[in-house]
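Please open the model in your viewer and keep the selection panel at hand. The tour goes from one contact surface to another, and at each stop it says what to select and what is there.

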Amino acid sequence: MLFYAIQRIGLSILILVTSMVMLFSALKFIPGDPATIMLGSRASAEMRARITQELGLDDPVIVQLGHFFGRLLTGDLGTDMWSQRPVAQMVMDSLPYTLVLIVVGLGWSAMIGIPLGCYSAIRRNSFIDKFTGLVSVGTISIPSFVVAIYLILIFAIWLRWLPVVGAGEPGDFAGQARHLVMPGFALGLGWVGYLARIVRASMLEVMGENHIRTARAYGLPELQIVRAYALRIAILPTITLLAVAIGGLLSSAVFVEAIFARPGIGKLIVDAASMRNFPVVQGGVLTTVALFALTMPIADLLVAWLDPRVRATL
Amino acid sequence: MNGKVLDIRDLSLRFATSAGPVHALRNITMAVPSGEIVGVVGESGSGKSTLALAVMRLLPGNATVTSGAIGFGGGDLLTLDEEAMRALRGNRIAMVFQDPMTSLNPVRSIGQQMVDIQHRGRASPAEKRRKAAAALKRVGMPDAESQLDRHPFQFSGGMRQRIAIAMALVQRPELLIADEVTTALDVTLEAQIIHLLRELRADIDGSILFISHNLGAIAEICDRVVVLYAGEVVEHGPIAEIFSHPQHPYTRALIACDPARISTATRELPVIPGDVPNLRHVADGCIFQPRCSVAIAKCAAERPPDRDCGAGHVARCHLVPEGLP
């Protein structure tokens, strides 16, 4: 088990390093000189040269990369070119908003998707099954920002049940929760379809296995068969999918945070990118990549822990 | 000891398929007398497992029973509602399945599964666990108590089948259905499992419906045997009678093909020519006629009657003379 964990985490570190190199070079190759952007087009050549030197932009690329990694290891993500605040601080401030949004989004999609998939597998070809098929295609194909706009229209403007924008006052737990309902739903809805489909397929397979027939031959209650005997196995591929979903949700969070004006990491990156604020973009993207790189091994370990067959082979 | 635990009368059922209905079982009449082991023998596709699943009422959704009754405990299983049937399963009728590698739940421990099946019992969880351990001990599991926390994949095929049998015995059922329980095992293990069933037979007061295509296994363990061919009972009777005086040509062919009796001198494998018939259109005459080596003209035209050969031995064949005994 320990070896497996080390192996999985090692792989994540490799992903992280690769993405850092790619991110670093991408920012090097896109047009636009950071010194010019900082100082404006009317700055003198001397000033530009000084800033370039201060930022180390005239060093060879490999040296810059080395510095970049060195700073990362000490937790230094650089400094915001406009406000001079440390990027690590800015990321840390916005990260909780995004994390809680993703958790709520996943919660919504799991709460709707897993029961739908499960039920449509047990009652195959029923009305619910056909309805689930329709919902799956629908939720997969409707972009989250469209859902977000309709949600705002219905629940915030017409019904006035929920607040429109922001994340709520710090300390006001109920208010923050109310601010999470719609963004979370808009974010999670896209994954309802995937989850329902994979749970349905996985349940259909498991329910057809011999051991389910054995459980029936002992007259076990159907609910116990579904929950303890079938879903316990069928949920395993779903956990891996949920980890992939976190990656997807991290990227769709950008739109949702923009629409609902939530001060999350997605909004931070978008705002910084539009102003060519490279260190902030870099820091924000790196953090999201790191989050995703962490999620996969956690999901794999969770699956291994839940499946005694896998657990035993580690 | 003269009562019948299981009394199947005139049972017919069909499967709906995309190519039309398949008449898988036709007018099956057979019984398991209490305390006896009754074997059901036949080729693949003869309807042996379908018969077992029909008794358990665990047939797939495309199956329809078209006639007959399955008498058990004074009632007809076919008229019970689902809840009443569920109450019988595992409690009064238990079934052991063919493939021990897939018939146990892979993610629940042996102990959990053996406690689960006592869900109707009012005993405490600890008491249920003790009962599970006792059942494991009875099937020859060493160190039974500590095995309860292990999972099926940690056992060999033979051990898993012992566990499956132990599970079936936990509630001391009146009827045990063993569906090809030795087929997936190698020969040594097969002998061990059969030996175990014979031992347990003295232990439980129940009766066993032993389904197998293996005549050797049937001969080892059964008191009576029912020969099934293409969904019909073609011959049945006491085990010694059937093996020493088989009357139906199919039974004779089956015994001739038994690997244990093959002569090694000729190095020729005896076979029954032809295939199990297509059960979408059942012919008028004898079901075995197309493959029968001794068929006469009458066999293709007229359904053979059940002829009593004495001593409870009955064969469905025109060639068996009337009033034989």
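Begin by colouring chain A and chain B separately: in this predicted model, the area buried between chain A and chain B is about 2100 Å², and carbon and sulfur atoms give 62% of it. On the side of chain A, select A:Arg213, A:Tyr218 and A:Tyr229, which lose the most area to chain B and together make up 31% of what that side buries.

Now widen the selection to the whole contact, which takes 19 residues from chain A and 27 residues from chain B. How many salt bridges are counted between chain A and chain B? The count is 0, whereas 13 residue pairs are in polar contact between chain A and chain B, with both residues at pLDDT 80 or more.

Next, show chain A as a cartoon and pick out helix H9 (210–217), helix H10 (222–260) and helix H13 (308–313), each of which supplies at least two residues of the side that touches chain B. H9(A) provides the largest share of that side, with 6 residues. If you colour the side of chain A that touches chain B by residue class, you will find 9 nonpolar, 5 polar and 5 charged residues.

Where the two domains of chain A meet, 16 residues of domain 1 are in contact with 14 residues of domain 2, and the domains bury about 1400 Å² between them, with 77% of it on carbon and sulfur atoms. In domain 1 of chain A, select A:Arg8, A:Leu23 and A:Leu27, which lose the most area to domain 2 and together account for 34% of what that side buries.

Across the interface of domain 1 and domain 2 of chain A, 1 salt bridge is found.

As a last stop, select helix H1 (2–29) and helix H2 (34–39) of chain A, the elements that give two or more residues to the side of domain 1 that touches domain 2. H1(A) gives the most to that side, with 11 residues.

Conventions
Residues are numbered from 1 along each chain as its sequence is written. Chains are lettered from A and ligands numbered from 1 in the order in which they are written. This is a predicted model: local features need pLDDT of at least 70, side-chain atom pairs count only at pLDDT 80 or more; totals for chains, interfaces and linings use all residues. Side-chain values use heavy atoms; hydrogens and water are left out. Contact means heavy atoms within 4.5 Å. Buried area is the accessible area (1.4 Å probe) that two parts lose on being put together, summed over both. A salt bridge is a side-chain nitrogen of Lys or Arg within 4 Å of a carboxyl oxygen of Asp or Glu. Helices (H or I, at least four residues) and strands (E, at least two) are DSSP runs, numbered from the N terminus. A polar contact is a pair of N or O atoms within 3.5 Å; within protein, one must be able to donate a hydrogen and the other to accept it, and residues adjacent in sequence count only if both atoms are side-chain atoms. Ala, Val, Leu, Ile, Met, Phe, Trp, Tyr, Cys and Pro count as nonpolar, Asp, Glu, Lys and Arg as charged, and the others, Gly among them, as polar.
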